[in-house]
Amino acid sequence: MDSAVTVERARALFGALPRPLGFVPTMGALHGGHLELVRRARARCATVGASIFVNPLQFGPNEDLESYPRDPEHDREKLAAAGVDVLFAPEAREMYPPGFAAAVDLGALGERFEGAVRPGHFRGVATVVAKLLNVVRPDVLFLGQKDAQQAVLVGKMIRDLDFAVEVAIVPTVRESDGLAMSSRNSYLDPTQRAQAPSLHKALLRVRDALEAGRGKNDAIAEGTAELSAAAKLDYLDLVDAREFAPLERLRLPAYIIGAARFGSTRLIDNLWLTS
Ligand code: AMP
């Protein structure tokens with residue numbers, strides 16, 4: 001596996017790869033979810049690129065930028081073993097040199113749910129993905145359904161700004177008890193880890209209730225009751241799959257989305273509902 005820490009070197013390495021080129025952007029601390037994205041990219045593309053960049057623009061002032069888990073040595077080994085051809089792992093000053101001022105804003109979609117709880121988060125996500133796409137120039141961008149609002153937002157950016165890349169969304173990889181794999185799961189203590197699968201159970205309960213014909217408010221109330229009493233719910237809702245606007249009744253395709261805090265660790269999850 002080749003790797004680059006500068007934009008110039010990355011352009012040269014990615015530019016020389018046979019096509020189609022698949023690309024998997026990450027913030028590192030890699031787990032089975034990330035590696036599933038790489039596997040999908042391998043299966044579909046002639047070559048695969050990945051990036052590791054803990055993007056300061058998408059963290060709020062009171063969030064976990066400094067403490068975000070980092071494990072660069074193991075990450076490199078995992079990506080090489082998974083068959084990644086080129087890794088781009090820049091420092092923040094390479095991506096945002098002095099004077100950097102651009103921002104990509106996707107409007108209301110970026111201000112709902114995760115965007116409401118984390119002001120500026122999606123502007124940071126869209127801006128870094130735009131930069132990465134311009135450096136890597138992939139044919140297919142692989143994103144996880146785990147971060148559904150992010151995937152929908154990046155898809156909108158690609159359409160609105162005419163990026164010449166296709167998006168492939170990969171289903172969420174879960175632990176055996178249903179907890180969605182996440183780098184942030186490493187923050188959970190054993191008690192919180194035992195409580196955390198209740199977020200997925202809450203989503204399943206909302207889905208079952210909706211499918212049984214119950215109204216949205218009743219379904220959400222049933223789902224909320226599944227969540228561990230020790231957790232603090234940020235939101236649990238039914239939204240349309242295009243704009244993440246709340247739905248009053250089930251209209252497909254849709255997502256059931258949830259976010260909750262277990263101690264100081266904030267986890268998100270969702271279910272995609274389609275016909
Ligand atoms: P992150 O490193 O958290 O920024 O995630 C990088 C990519 O991996 C994003 O497209 C995520 O949606 C995706 N991802 C994270 N966790 C999972 C998971 N459990 N299953 C599938 N994809 C995931």
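Residues are numbered from 1 along each chain as its sequence is written, and side-chain values use heavy atoms, with hydrogens and water left out. Because the model is predicted, local features need pLDDT of at least 70 and side-chain atom pairs count only at pLDDT 80 or more, while totals for chains, interfaces and linings use all residues.

Helices (H or I, at least four residues) and strands (E, at least two) are DSSP runs, numbered from the N terminus. Two strands pair if DSSP finds at least two bridges between them. Six strands form an open sheet with parallel pairing, in the order 1-4-3-2-5-6. Strand 1 (2-4) and strand 6 (166-170) are the edge strands, and each pairs on one side only. Neighbouring strands of this sheet are turned by 25° against each other on average, direction ignored. Strand 1 and strand 4 (residues 86-88) run parallel and are joined by three bridges. Within strand 4, Val 86 is the bridge partner of Asp 2.

Two helices were examined against this sheet. Axes are lines fitted to C-alpha atoms, for helices over the stretch in contact, and angles run from 0 to 180 degrees between N-to-C directions. Contact means heavy atoms within 4.5 Å. Helix 6 lies across strand 2 (21-26), strand 3 (47-52), strand 4 and strand 5 (140-144). Its direction runs at about 145° to strand 2. Helix 7 (residues 148-160) also packs on the sheet, where it touches strand 5 and strand 6. The direction of helix 7 makes about 155° with that of strand 5.

Helix 6 (residues 121-136) also meets helix 1 (residues 7-15). The two axes come within 8 Å and cross at roughly 55°. Helix 1 contributes Val 7, Ala 10, Arg 11 and Phe 14 to the contact, and helix 6 contributes Asn 134, Val 135 and Val 136. These residues divide into five nonpolar, one polar and one charged. Here Ala, Val, Leu, Ile, Met, Phe, Trp, Tyr, Cys and Pro count as nonpolar, Asp, Glu, Lys and Arg as charged, and the others, Gly among them, as polar.

Aromatic pairs were counted next. Rings of Phe, Tyr and Trp (its six-membered ring) pair if their centres lie within 6.5 Å; planes under 30 degrees apart count as stacked, over 60 as edge-to-face and the rest as tilted. By this rule the count comes to six aromatic pairs. One of them joins Phe 14 and Phe 23, edge-to-face, at 6.5 Å centre to centre and 70° between the planes. Phe 14 is buried, at a relative accessible area of 0%, and Phe 23 is buried at 1%. Buried means under 20% relative accessible area, exposed over 50% and partly exposed in between (1.4 Å probe, protein chains only).

The rings of Phe 53 and Tyr 96 have centres 6.0 Å apart and planes at 50°, so this pair is tilted. Phe 53 lies in the loop between strand 3 and helix 3 (72-81), and Tyr 96 in the loop between helix 4 (92-95) and helix 5 (114-117), so the pair ties together parts that are 43 residues apart in sequence. Phe 53 is buried at 6% relative accessibility, and Tyr 96 is buried at 15%. Phe 53, Tyr 96 and Phe 100 form one aromatic cluster.

An open sheet of three strands has antiparallel pairing and the order 7-8-9. Its edge strands are strand 7 (232-240) and strand 9, each pairing on one side only. The twist averages 10° from one strand to the next. Strand 7 and strand 8 are joined by eight bridges and run antiparallel. Tyr 235 stands opposite Ala 259 in strand 8. Nine bridges join strand 8 (residues 254-262) to strand 9, again antiparallel. Ala 260 stands opposite Leu 267 in strand 9. The hairpin of strand 8 and strand 9 has two residues between the strands, and Gly 263 takes a positive phi near 65° there. Eight of the nine residues of strand 9 (residues 265-273) are buried, so this strand is largely enclosed by the rest of the structure.

Ser 198 lies in helix 9 (residues 198-211). At 8% relative accessibility, Ser 198 counts as buried. Not counting residues up to four places away in sequence, Ser 198 touches Glu 226, Leu 227, Ser 228 and Phe 262.
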